[in-house]
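Please read it with the coordinates open.

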Amino acid sequence: MLLIRNANLADGRGMNDLLIGDDGKYAEIRPGINSEGIEGLEVIDANGMLAAPTFVNTHMHFDKAYTALAGRESTVETLEDSIHIMHDIKRRYTVEDVKARAERAIRECVMYGTTKLRTNVDIDNMANLVGLEGVLAAKEACKDICELQVIAFPQEGIYANEGTEKLMWQAMEMGCDVVGGMPAAEWLDEHARSHVDLVFEIAEKYNVPIDMHIDQSKDMFDRSLEYTAWLTMQKGWGPRVTGGHCTSITYQNQSHAIKVMKLIKESGMNICTNTQVLAIMGIDAEPRTRGVTRIREMVDMGINVATAQDTICDG
């Protein structure tokens, strides 16, 4: 067991002692806990430092972490260019390389107090399943220090990237915890809708959550968000479904955006925005655009909005 004395609790209760059981759960929280008679007890004096629940980061890309440390191969700074630069890098993946980079990223997250993590892993005909093998190996290596969920993420599209549909099913069989999507990567609107349908089909078969990159674009005509919210409402899946980025709604007219946000609220799905990395969606021609969704409006409407980091030195 672990006893932390003189901790300043983040919830406003002030100075308290924390007794944590061998199962990792709080056994007691109060000032002046008596430690007599507790065998094998480790005691830490927090000396008034802040104590808070673990941080949660629900949107990462550990398979790509640190791939840019050798230097960026382009001076162009758009989101689309970053994705393109990764193509050749992914073709050169090895399981050992991905595992090493992913494990480093996981351990650095834990070092700063984040022990609940969710990472996307690209599933496509460039990386195939090599990136996934590496991240799953890193997950196993770090299982004693954090809880990591792995998302099967078809960043290049499912129908626009030959072979990805089969790879998505294989990825789930290999042990992915969440099914992801990127409907905006498809060439046709009907393919984008089929993309969303397939994601829901996979999630239903494996009884897993959904966490898709939805409408991550500057195109006001990307409208997979409203269809995803509608499907979520029809199935009653609510918080089981998360939409990442959801930026195209920012470019849509106010009347339509309000309708979509009402649907999101009604469905109960989550939205995750990644403002730390995507404060702008690249260096575009004027007007410069912000790579974030309608955060304030969504929060004011009661939609559950999270923020996460996204990338660590990739692309």
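1. Contact here means heavy atoms within 4.5 Å. By that criterion, and not counting residues up to four places away in sequence, lysine 265 touches Met301, Gly302 and Ile303. Lysine 265 sits in helix 7 (residues 254-267), where helices (H or I, at least four residues) and strands (E, at least two) are DSSP runs numbered from the N terminus. Its relative accessible area is 43%, so lysine 265 is partly exposed; buried means under 20%, exposed over 50%, and partly exposed in between (1.4 Å probe, protein chains only). Threonine 164 is 101 residues from lysine 265 in sequence and 32 Å from it in space, C-alpha to C-alpha.

2. On provenance: this is a predicted model, in which local features need pLDDT of at least 70 and side-chain atom pairs count only at pLDDT 80 or more, while totals for chains, interfaces and linings use all residues. Residues are numbered from 1 along each chain as its sequence is written, and side-chain values use heavy atoms, with hydrogens and water left out.

3. Overall form. The protein chain has eight helices and 13 strands. Its radius of gyration is 21 Å, close to the 20 Å that the globule rule gives for 315 residues, so the chain is as compact as a globular protein of that length. The radius is taken over C-alpha atoms, and the rule is 2.2 Å times the number of residues to the power 0.38. The C-alpha trace spans about 70 × 45 × 40 Å along its principal axes. Of contacts between residues at least 6 apart in sequence, 77% join residues at least 24 apart.

4. Buried residues account for 50% of the 315 in the protein chain. The chain exposes about 15,300 Å², and carbon and sulfur atoms supply 52% of that area (Shrake-Rupley method, 1.4 Å probe). There are 31 positive and 48 negative side chains, and the centres of the two sets lie 3 Å apart. Lys and Arg count as positive, Asp and Glu as negative; His and the chain ends are not counted. The place of a charge is NZ of Lys, CZ of Arg, CG of Asp or CD of Glu.

5. Which residues have the most contacts inside the largest nonpolar core? They are Phe62, Ile106, Leu132, Val179, Ile210, Leu225 and Ile264, in a core of 63 residues. A nonpolar core is a set of buried Ala, Val, Leu, Ile, Met, Phe, Trp, Tyr and Cys residues joined through side-chain atoms within 4.5 Å. Apart from this core lies another, of seven residues, including Leu9, Leu18, Ile20 and Ala46.

6. Leucine 225, with residues up to four places away in sequence set aside, touches Ile214, Asp215, Cys246, Ile249, Val260, Ile264, Met269 and Ile271.

7. Methionine 168 belongs to helix 4 (residues 164-174) and is buried, with a relative accessible area of 0%. Beyond four places in sequence, methionine 168 touches Ile123, Ala152, Pro154, Val179, Gly180 and Ile202. Glutamate 103 belongs to helix 2 (residues 95-111) and is buried at 17% relative accessible area. Leaving aside neighbours within four places in sequence, glutamate 103 is in contact with Ala138, Ala141 and Cys142.

8. Is glycine 21 buried or exposed? Glycine 21 is buried, at 13% relative accessible area, and lies in the loop between strand 2 (14-20) and strand 3 (26-30). Leaving aside neighbours within four places in sequence, glycine 21 is in contact with Met1 and Ala27. Glycine 24 is found in the loop between strand 2 and strand 3 and is exposed, with a relative accessible area of 56%.

9. Backbone points to check. Most residues other than glycine have a negative phi. Aspartate 310 has a positive phi of about 90° although it is not a glycine. Aspartate 310 lies in the segment after strand 13 (304-307) and is buried, with a relative accessible area of 5%. Cysteine 313 has a phi near 50°, also a positive value in a residue other than glycine. Cysteine 313 lies in the segment after strand 13 and counts as partly exposed at 42% relative accessibility.
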